[in-house]
Amino acid sequence: MMKRILLVVSIWYTMSACFAAGTDVIVQHMQTDVMCFNLDKYNCKVSRTVTILNEKGRKAANFAFSTDRTRKLTACNILITDANGTTLKKVKRNDLQSTQYNPNMVADGATYFFTYLPPTYPINVQIEYEYTYSNGFLSFPTFSPATEYNTEIKHATYTLQVPNDIEVRSKMFNIPDNCITTQVNGNKKQWDIVLDDFPAQQYEPLAPTLTQRLPTAHFAPVKFQFLGTSGNMATWNDFGHWQYALMQGRDELDGNFKNSLRMMTDTCKTQKDKVRTLYNFLRQTTRYNSIQLGIGGWQPATASDVHRLGMGDCKGLTNYMKAMLKAVGIEAQYTVISTTYKHLFADYAGLTQTNHVILQVPLPQDTLWIECTNPTLPLGYLHEDIAGHDAIVITKYGGKLITLPEYGDDENAWSTTSDIYLKENGDARIVWQGYFSGQHYEQWQWTELNDNEKNAEQLRDIFRLPNAKFININAQQDETQQQIPAVHFTFEVECRNIATLTGQRMFVPVSPIYTPSNSLTESERRKNNIIIDENFSSTAITNIHLPQGFIVESMPQSTIESSEITDSNLTISTANSIVTIKEESMTRKGEYDKDLYTTLLTQNSKVTKWKKQKIVIKQQ
Amino acid sequence: MKTIFTTLLLILSMTVCAQEISVNTKFGKPTDEELNLTSYTQETNAPAVILCRMTDIGYDMFNGNIKIVTNEKVKIKILTDEGKEYVDIKVPYRKTDIIGNVKATTYNMEGGKLVKTKMPNELLFREQVDNDFMMLKFSIPQVKAGSVVEYQYRIESEYYGSIATWYAQTDIPVLYAQYDVSIPEWFKFKSEESGTHSFEKKVSSTSMTFHTKGTEVNVSGMEYHFVGRNLPSLKDDDFVWSVHDYCNKVTFELGGIFIPGSTYKNFTQTWQGIDQTLWDNEDFGGRLLQSNPFKEEMAQAGIAAISGKKVKARAILQLLLQKVKWNGKYALWGKDAKTIVKEGSGNNADLNFILIAMMKDAGLQATPVVMSTRTNGRIPLTHPSLRFMNTFIVGVADDNDEMFFLDASANYGDINILPSNLLVEKARVLRKGTGSTWTDIQRIAEGKTETQISATLNADGLLTGKATSIYTGQNVFTKRRAYKAADDSATYVKKYADNNDIDITDYQLEGAEGLSDKATQTITFTHQNNATSDMIYLNPILFSPFKENPLKTDKRELPIEFSYRDITTTTIRIQLPDNYEIESLPAATHAADSEGKLIYDLALRQEGKTLVVDQTFNVKQMFFQPTAYQDIKKTFDTIAEKSQTMIVLKKK
């Protein structure tokens, strides 16, 4: 009908497409040969033949390679054949398209690519390509024959040859020991991996991530050279020394500016107040901007450049904040972290594991972790992409692997109370109050940042109140909470048609206004255990104030739906013309047996159905 | 008279508004008012406002070569932190263009003093996008909430015959926008302004001087001057196909070139001329001459023996789609059939050229029908131009002189059943000579869904039934695409059940595969209603058009565009349990807009032991003016409200 409605269908398409089970692509054969000459140079030859079985696997026919100051694509041949072996397309290195364009940021290098839409299935795509590193490198190519869901590996090999004097470290996942051999050939050491028949991994809700399930082997030189720098990456501590050296001398600030920072913070009573003052200054005077140039994107822009331009990427802003703190006598540490992976490999240092930088500020009472790219967050807020994540703190003593704290269960409040003053015509005035703290604060922070007009617009969407007339909207930080950010959010609204009228009766939904709910997708023949990352508990109370002269004729019964994973406690009671519905839910983190998934689905659907029921009230 | 009156009113209201903040067209010297502005009165939640934008287009000569020169100058006021993103600038340009004079300055008030920061060159980046295009990117330094930012750049291009459309509106409000175009008499351009806000316009003759190779060239020409004031922000949404259709804009279309010493070159100014350009172009006219690459396959499939033009055409499209795949793109120009057949996929033009060759081979009269898709925007009314056209579909002459349409992108459709993006008001049926005509593709833009439900209610409140829905017209495409897109039919059925609040025990969709003009869905379902020992509370409205009004905002400035005219009828017959009676039946509901173009009807009645519900939702036109918004929203509200209708059954 309308575009909007079509849009809903299309969103749903992408979801179902990735939920569908099966095998879309078979890696028939993949051979990776790496020949290392010295710490500056290696050569890698890849030959890969895949069979794409259906349209969902069509992206496996595409090819992309990014070059930069260290790496070059020297050869590429692609041959596409149909099931009968008839050639459909041949592509050579010079046929590849190229672009330097990057929609978000400025970075070194260009990307060479080829995209193809198979006309028929199955189809075979044979790709052979070769590339060289000639300006140093931090690691060797990774052995990862499958990188997507629904990809089966028939046969994959990997060979790495390295001069004897280069020490190599490695880390393997999901590769049986008997698949790996090592040997010495003259003045070279050689590693061989031969992997056969690894089954396709399917998407399953609440399952371990794909990277945890696929076979992968990482190799890297212990000592390395890279774009004119050199170092040792045997451990995270060694990495820290290299990173520290890259930052040397980049935190200098102009004397006048340092003085003004001292003046700004002179009146602060505590160290933390000083940090807060400078954090606010950072927010007011800079903005995030992704310019990733320089040493592979690991060297921050100088603090004075960030100051001069009023902008920087995560490295630049963090280093700038560090420099400003230093100017007022507070030592802080540059901290490298991943926003995607919670855990880093403790025994295998590698920069591809990390993608972000934050600042550690050790204060006498507590340690602050500062996100410098989003200063709208309260100072020291542990947002969901860093809370509980591993990180490497960089000091002159090198790097140290630590784990960031996360908010405790008693600090994570999610509670709402709504009072629904029902009118005789089915309309209602609703007073809604929510209190969100700890990790839940983040989801509701927008209420504080937006003005009322924008808040009303968002609320209409989230609470599904198309005809709501907002009388009052108010979001406030809970000032009593110093350590754990919390927001009180209240609004008052006039709504039409909350209840349905029929003759003498009115039908009131049990859950007339938004309360937290889960939505789970079916997954048949589940193979993976259920992983719940964190505890979640919420309380939602709804008080329905009946119009004068109305009594309850019928209402659903209270119920408890419990399982090992989650409890839902749904109670309903009536007193003094008020019907009170209390929805409490508690989900426990942990790893659970895959067979429990069916229980979880049933439980979920029971709760959903309960919430769809109606209370029948009648005029006396 | 009426128009004059409105214009006057507009100007009056503009002057009143304009007092809020006065326009300063000077650059390099922001006024106190500009510096101290904290929020823009006309749109209080705007993150930034364009205080002044000046685009100047002119001609120049370099070493005897004519170039078109664009100078762009913008002054923005940043009002909130969110607004800072409006100073990360991206300017696309052609590889052969020269881009320069890039400057940017930020003005901040710091401790009562004006601090000026110039953008250093290190923040300027040029990236190659593809073989033809580059992108200039720059980030302006020291930008904070409160900053006034100015930037400018200059582009010299050898494509002197093309002036890009100037869009005066963007997603932040514009206080003042000025567009100056001066064109030497060597070039004949036609200009057109459109949009809902008025432009001040001045056209005057002028003379210009060019210095080249040591000589001076004097030439007379025309100067165009447009000013837009207080233009509101324009945001794309889900209810219009192309927001650019409603944007205040100016287009210039080249009519001819007459440079002294060379011959006059006439550029397409008539649709006949455009037709000829297409015929003459290798990638269009040339492709229409290519031979049918699927001769053998057509013979094998016995296409020649099929009688009935539509049946034959359908069989041909079906065959084509088995051989080559549509790559999801629309285009006007095509590659040669051999390449496409070999590669096995192509855009709709690539495939349509082959389709035409196949049709001709089978004795059908097929011809391209050229258009601008709905997402590409409407074609300008006053001046013919090829550059707005972005694709074509295939028209085939039927027995009765009527024409039916097909397109290679309609893989879920059929004859006359196309993706909604192709259902345009104005498309050009291309015929040799002067025979081309305009046609309205929206005449086929109709869909119909008829649902019959028969169900039985038991004393526990459980409703069990069977629903048969017949989809015809454009609804076949919509239904089939939704179903096929889900790929995994179980997922589709689950979602369909959830949306309609029922449990589905059996699901069939006849006509899900291939091309056909009808799809039939048959489902068996249950739905649990609340019940007590002597009461049943029944919601008989199964399959409501929607349960939640998709229109949420209070006001709307843009029109509302539907995909096609659509009529949905549902008849529900519910067998009631013995010994129960209906307490009361709600009265019939009728909701509609004032013109009666969007209608909802609901009626419930009892026939013996059967409850009968008739529901009709009829969208009779595709385009609604913004003034109809409240009516439509109200009608939608009624539908959402009525989807919750409850009936009370009492034990006798």
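Ile394(A) has Gly399(A), in strand 25 of chain A, as its bridge partner. The model is predicted. Strand 25 (residues 398-403) of chain A runs antiparallel to strand 24 of chain A, and six bridges join the two. They form a hairpin with two residues between them.

Strand 24 of chain A also pairs with strand 21 of chain A, again in the antiparallel sense. Here Thr335(A) stands opposite Val393(A) of strand 24. Strand 24 (residues 390-395) of chain A is mostly covered, with five of its six residues buried. The pairings of strand 24 of chain A are set out below.

| Partner of strand 24 of chain A | Residues | Bridges |
|---|---|---|
| Strand 21 of chain A | 333-337 | four |
| Strand 25 of chain A | 398-403 | six |

Further along chain A is helix 11, residues 596-611. Helix 11 of chain A has 16 residues and reaches 23 Å from its first C-alpha to its last, close to the 22 Å expected at 1.5 Å a residue. Its buried residues include Leu596(A), Tyr597(A), Leu600(A), Val607(A) and Trp610(A). What covers the buried residues of helix 11 of chain A includes strand 32 (530-532), strand 36 (566-575) and strand 37 (578-587) of chain A.

The structure holds zero disulfides over all chains. Cys52(B) is buried, with a relative accessible area of 0%. Cys247(B) is buried as well, at 1%.

Note on methods: Residues are numbered from 1 along each chain as its sequence is written. Chains are lettered from A and ligands numbered from 1 in the order in which they are written. This is a predicted model: local features need pLDDT of at least 70, side-chain atom pairs count only at pLDDT 80 or more; totals for chains, interfaces and linings use all residues. Side-chain values use heavy atoms; hydrogens and water are left out. The expected span of a helix is 1.5 Å times one less than its number of residues. Buried means under 20% relative accessible area, exposed over 50%, partly exposed in between (1.4 Å probe, protein chains only). Contact means heavy atoms within 4.5 Å. Two strands pair if DSSP finds at least two bridges between them. A disulfide is a pair of cysteine sulfur atoms within 2.5 Å.
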